[in-house]
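Colleague: I am new to this structure and would like to learn how to read its features. Could we go through them one at a time?

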Amino acid sequence: AGHICADVAIGQTLFQEPDQVTLERLHRETGCVWMEFPGTTLRSPSGNRYFLYLFRNNKQWHWHCNHLSNDRNADNPSLVLASSDTLATGALVPTA
């Protein structure tokens with residue numbers, strides 16, 4: 001509730017941006033090293049479901065996919081998009 005599930009189009013736009021300016025700014029200002037895009041679910045021929053994500057490693061951003069049932073690392077800061085209702089109240093809370 002109060003969050004928007006980013007789809008792969010947002011990730012693609014960020015990844016393909018010249019010099020990845022926005023991703024670099026997010027990393028520099030928030031420490032973000034991981035960004036999921038659960039608004040788009042991929043399905044393998046065997047029926048497994050995956051989500052796409054961007055991650056930062058060795059000073060570069062990379063694409064990959066992860067099985068929906070895999071655990072996440074709470075030590076990696078990730079972004080959550082807030083709805084306009086959340087923004088209106090100013091109730092933005094960083095996630096870990």
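Modeller: Start with contact, which means heavy atoms within 4.5 Å. Keep in mind that this is a predicted model.

Colleague: Which residues is Arg56 in contact with, leaving aside its neighbours within four places in sequence?

Modeller: Arg56 is in contact with Glu24, His27, Val33 and Trp61. With Glu24 there is also a polar contact between the two side chains, at 2.6 Å. Arg56 itself is found in strand S3.

Colleague: Is Arg56 buried or exposed?

Modeller: A residue is called buried under 20% relative accessible area. Arg56 has 17%, so it counts as buried.

Colleague: How should I read the sheet that contains this strand?

Modeller: Strands of a sheet pair through backbone hydrogen bonds, either parallel or antiparallel. Here the sheet is open, with 3 strands in the order S2-S3-S4 and antiparallel pairing. Strand S2 (34–43) and strand S4 (60–67) are the edge strands, each pairing on one side only. From one strand to the next the twist averages 25 degrees.

Colleague: How many bridges join S2 to S3, and how many join S3 to S4?

Modeller: S2 is joined to strand S3 (residues 49–57) by 7 bridges, and S3 to S4 by 8 bridges. Particular residues can be followed across the sheet. Trp34 has Phe55 in S3 as its bridge partner, and Met35 stands opposite Leu54 in S3. On the S4 side, Phe51 stands opposite Asn66.

Colleague: What do the turns between these strands look like?

Modeller: S2 and S3 form a hairpin with 5 residues between them, and Gly47 in that turn has a positive phi of about 100 degrees. The hairpin of S3 and S4 has 2 residues between the strands, and there Asn58 takes a positive phi near 55 degrees.

Colleague: Which helix packs on the sheet?

Modeller: Helix H1 (residues 8–16) does, touching S2, S3 and S4. The direction of H1 makes about 160 degrees with that of S4.

Colleague: How do I read the nonpolar core?

Modeller: In soluble globular proteins, nonpolar side chains tend to be buried together. In this model the largest nonpolar core has 8 residues: Ala6, Leu14, Leu23, Cys32, Met35, Phe37, Leu54 and Trp61. Take Leu14 as a case. Not counting residues up to four places away in sequence, Leu14 touches Gln20, Thr22, Leu23, Met35 and Leu54.

Colleague: And the aromatic rings: how many pairs are there?

Modeller: For rings, look at the distance between centres and the angle between planes. The count comes to 5 aromatic pairs. In one of these, the rings of Phe51 and Tyr53 have centres 6.0 Å apart and planes at 50 degrees, so the pair is tilted. Tyr53 and Phe55 form another tilted pair, with 5.7 Å centre to centre and 45 degrees between the planes.

Colleague: Are Phe51 and Tyr53 buried or exposed?

Modeller: Phe51 counts as buried, at 1% relative accessibility. Tyr53 is buried too, with a relative accessible area of 9%.

Colleague: Which residues do the ring pairs link into a cluster?

Modeller: The cluster consists of Trp34, Phe51, Tyr53 and Phe55, linked by ring pairs.

Terms used: Residues are numbered from 1 along each chain as its sequence is written. This is a predicted model: local features need pLDDT of at least 70, side-chain atom pairs count only at pLDDT 80 or more; totals for chains, interfaces and linings use all residues. Side-chain values use heavy atoms; hydrogens and water are left out. Two strands pair if DSSP finds at least two bridges between them. Helices (H or I, at least four residues) and strands (E, at least two) are DSSP runs, numbered from the N terminus. Axes are lines fitted to C-alpha atoms, for helices over the stretch in contact, and angles run from 0 to 180 degrees between N-to-C directions. A nonpolar core is a set of buried Ala, Val, Leu, Ile, Met, Phe, Trp, Tyr and Cys residues joined through side-chain atoms within 4.5 Å. Buried means under 20% relative accessible area, exposed over 50%, partly exposed in between (1.4 Å probe, protein chains only). Rings of Phe, Tyr and Trp (its six-membered ring) pair if their centres lie within 6.5 Å; planes under 30 degrees apart count as stacked, over 60 as edge-to-face and the rest as tilted. A polar contact is a pair of N or O atoms within 3.5 Å; within protein, one must be able to donate a hydrogen and the other to accept it, and residues adjacent in sequence count only if both atoms are side-chain atoms.
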